[in-house]
Amino acid sequence: MNRGNSLGNEQADFVAEQFLSYCENKKRKERQRRLAYIEHKKDMQESRRIVAGLSLLLSVMIVLCVAIVSLNMQNMQKKEQVALLEERVLAAKEETKEARKRLAGMTDYKWVEKEARKLGMSRVTPDKIYYYTVEADDFMVQYQDVPKPD
């Protein structure tokens, strides 16, 4: 009987070892599952932060793009206004040039000479030109007609 008992003990030892091995494997797998779950939670939190950061960055980029497009449109409008004003300036210069030509052509020199003669004026002749020498530190004030030199 001794031998049957020995075989039973060996089987019991074997079953016990298998059971302990099974329990250790189960505990190890449970720890791995928990660690994997914790890692998964950390990854999800990190992913949420990344998504939030990228969303914020995308929002800022959209706002900047809208601002750039708006500024570009304003710039184009200003350029169009400047071009229009430049055209107006050129037209005004051309009108001024034409008006000066018309005014120059409208001057009636005969009428001017006639009116000057009415006032007692005559054309300049060399005998009517008088030269006076005045010192640099002197000056002259004319209160009446200048007499002819001797």
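View 1. At 28% relative accessibility, Glu30 falls in the partly exposed class. This is a predicted model, so keep that in mind for every view here. The side chain of Glu30 meets that of Arg33 in a salt bridge, with N and O 2.5 Å apart. Where do these two sit? Both Arg33 and Glu30 belong to helix α1, three residues apart, or about one turn of the helix. As background, side chains of opposite charge can pair when their charged atoms come close.

View 2. Which residues form the positive surface patch? They are Lys27, Arg28, Lys29 and Arg31. Take Arg31 as your landmark: you'll find it in helix α1, which covers residues 2-106. Is Arg31 buried or exposed? With 51% relative accessibility, Arg31 counts as exposed, because the cut-off for that class is over 50%.

**View 3. Glu113 and Arg117 on helix α2.** Now hop over to helix α2, made of residues 109-118, where both Glu113 and Arg117 lie. Four residues separate Glu113 from Arg117, about one turn of the helix. A salt bridge links Glu113 with Arg117, and their closest N and O atoms are 2.8 Å apart. Glu113 itself is partly exposed, its relative accessible area being 27%.

**View 4. Glu115 and Lys118, another pair on helix α2.** Here Glu115 forms a salt bridge with Lys118, and the closest N and O atoms are 3.3 Å apart. Both residues are in helix α2, three residues apart, which is about one turn of the helix. How exposed are the two partners? Glu115 counts as partly exposed at 27% relative accessibility, whereas Lys118 is exposed, with a relative accessible area of 58%. Back on the Glu30 side, salt bridges that share partners tie Glu30, Arg33 and Arg34 into one network. The salt-bridge count comes to five.

**View 5. Helix α2 and what follows.** How many of the ten residues of α2 are buried? The count is zero, so α2 is hardly covered, given that buried means under 20% relative accessible area. After α2 comes Gly120, whose phi is positive, near 90 degrees.

**View 6. Ser55, along helix α1.** Ser55 is another residue of helix α1. At 39% relative accessibility, Ser55 counts as partly exposed. Pick out Asn25 as well: Ser55 and Asn25 are 30 residues apart in sequence, and their C-alpha atoms are 44 Å apart in space.

**View 7. Stepping back to the protein chain.** The protein chain has two helices and zero strands. Its radius of gyration is 57 Å, well over the 15 Å that the globule rule gives for 150 residues, so the chain is more spread out than a compact globule. Along its principal axes, the C-alpha trace spans about 180 × 45 × 20 Å. How much of the chain is buried? Buried residues make up 0% of the 150 residues. The chain exposes about 15200 Å², and carbon and sulfur atoms supply 60% of that area. As for charge, the protein chain carries 27 positive and 23 negative charges, and the mean positions of the two sets are 12 Å apart.

Notes. Residues numbered from 1 in each chain as written. Predicted model: local features only at pLDDT ≥ 70, side-chain atom pairs only at ≥ 80, totals over all residues. Heavy atoms only, no water. Patch = residues over 30% accessible without salt bridge, like charges linked within 9 Å, V, L, I, M, F, W, Y side chains within 5 Å. Areas by Shrake-Rupley, 256 points an atom, 1.4 Å probe, with all protein chains shown as cover. Salt bridge = Lys/Arg side-chain N within 4 Å of Asp/Glu carboxyl O. Lys, Arg positive; Asp, Glu negative; His and termini not counted. Charge placed at Lys NZ, Arg CZ, Asp CG, Glu CD. Buried < 20%, exposed > 50% of the residue type's maximum accessible area, 1.4 Å probe, protein only. Rg over C-alpha atoms; globule rule 2.2 N^0.38 Å.
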